[in-house]
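Student: Hi! I have a model open here and would like to talk it through with you. Can we go over it together?

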Amino acid sequence: MWLYASLSVMLLSNHAWPTEKEVVQAQATKDAAVNYLRSLPHDRKIHVWPSWHRPYEVVADRLNVRSSIERYKALRGDLNGLLPAIGTAQISIIAADGANWQKDVASALTSSRLLPWYKDFVAKAELSLDGCTTYKFTSRDTWASVGVILINELNFPENGTATLDRCVHAALDYLQGFPTREGYFDYSTLPDARIRGLVIEATYKCAAEGDGTAEPRERTRDGLTPRPSLDCIVAKVAE
């Protein structure tokens, strides 16, 4: 069944019409999303996941990242795709003490479900100054395959859930396939969550529909095709 059918049912069952203010805000969000996408290099590669499900893990969680992930799931609904890893993890989130980073990370990696090569990478990975670092890996330059989120607790207030959410939610959106202007992750430069949500929804619609191509070069068991184009995503956002 089409993933977004539930959205249509929800809208049909809600008899409250949007107010003029809500209509204006929704259009402004669409316009901002379209403008953002048009500001990107036209040849920007967008890597989506080959499956609707992404096994994830949280290790060395000093900031209660799990609560932030639950808020992300509520925010993105069916599009979040996150399931706790039983076998190999595709997304790993490590929140640790920056003052003892190497020691904390080494300890966390002993229980991590990442494949060994990625564990070796994480053990030596550089952290950004803002304390919110994300690395995304691809398979054959075609699909998103592994994502790592590293959070330095020294950059985040003890009870600052809003600041933590900005980092975690932006990082997860980036791993989902949200394109950045520079091609790397810097959460402070990304548009707000509503704009990112529109772009991600449009991205996966294009991936599910084969980007409008009659015979896509590749399609997974979940019905997804790789590297949707910016043109398709812009068109979907603007609908």
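This is a predicted model: local features need pLDDT of at least 70, side-chain atom pairs count only at pLDDT 80 or more; totals for chains, interfaces and linings use all residues.

Student: Good. How many disulfides does the structure hold?

Tutor: There are 2 disulfides. Cys132 pairs with Cys167, with 2.1 Å between the sulfur atoms, and Cys206 is joined to Cys232, also with an S to S distance of 2.1 Å.

Student: And what pattern do they follow along the chain?

Tutor: Counting the bonded cysteines along the chain, the pattern is 1-2, 3-4.

Student: Let's take Cys132 and Cys167. Is that disulfide right-handed or left-handed?

Tutor: The torsion about the S-S bond is about 90°, so the disulfide of Cys132 and Cys167 is right-handed. Cys132 belongs to strand β4 (residues 132-139) and Cys167 to helix α6 (residues 161-176), so the bond ties together parts that lie 35 residues apart in sequence.

Student: Are those two cysteines buried or exposed?

Tutor: Cys132 counts as buried because its relative accessibility is 2%. Cys167 is buried too, at 0%.

Student: What about the handedness of the link between Cys206 and Cys232?

Tutor: That link is left-handed, with -100° about the S-S bond of Cys206 and Cys232. Cys206 sits in helix α7 (residues 193-209) and Cys232 in helix α8 (residues 230-238), so this pair connects parts 26 residues apart in sequence.

Student: Buried or exposed, for Cys206 and Cys232?

Tutor: Cys206 is buried, with a relative accessible area of 0%. Cys232 has 13%, and since the cut-off for buried is under 20%, Cys232 is buried as well.

Student: Changing topic: what is the strand order in the sheet?

Tutor: The order is β2-β1-β3-β5-β4, in an open sheet of 5 strands with mixed pairing. β2 (82-84) and β4 are the edge strands; each has a single partner, so one side of each has no neighbour in the sheet. On average, neighbouring strands are turned by 25° against each other, direction ignored.

Student: How do β3 and β5 run, and how many bridges join them?

Tutor: β3 and β5 run parallel, and 6 bridges join them. Ile94, for instance, stands opposite Leu150 in β5.

Student: Which strands does α3 touch?

Tutor: α3 packs on the sheet and touches β1, β2, β3 and β5. The direction of α3 makes about 150° with that of β1.

Student: Now the inside. Which residues have the most contacts within the largest nonpolar core?

Tutor: Those are Val65, Ile93 and Ile151, in a core of 52 residues. Among the elements that give two or more residues to this core are α2 (20-38), β1 (54-59), α3 (65-76), β3 (91-96) and β5 (143-152). α6, α7 and α8 are on that list too.

Student: What does Ile93 touch?

Tutor: Setting aside residues up to four places away in sequence, Ile93 touches Glu57, Val58, Val59, Val65, Ile69, Ile149, Ile151 and Leu172. There is also a second, separate core of 15 residues, which includes Val105, Leu114, Val122 and Phe137.

How values were computed
Residues are numbered from 1 along each chain as its sequence is written. Side-chain values use heavy atoms; hydrogens and water are left out. A disulfide is a pair of cysteine sulfur atoms within 2.5 Å. Helices (H or I, at least four residues) and strands (E, at least two) are DSSP runs, numbered from the N terminus. Buried means under 20% relative accessible area, exposed over 50%, partly exposed in between (1.4 Å probe, protein chains only). A nonpolar core is a set of buried Ala, Val, Leu, Ile, Met, Phe, Trp, Tyr and Cys residues joined through side-chain atoms within 4.5 Å. Contact means heavy atoms within 4.5 Å. Two strands pair if DSSP finds at least two bridges between them. Axes are lines fitted to C-alpha atoms, for helices over the stretch in contact, and angles run from 0 to 180 degrees between N-to-C directions.
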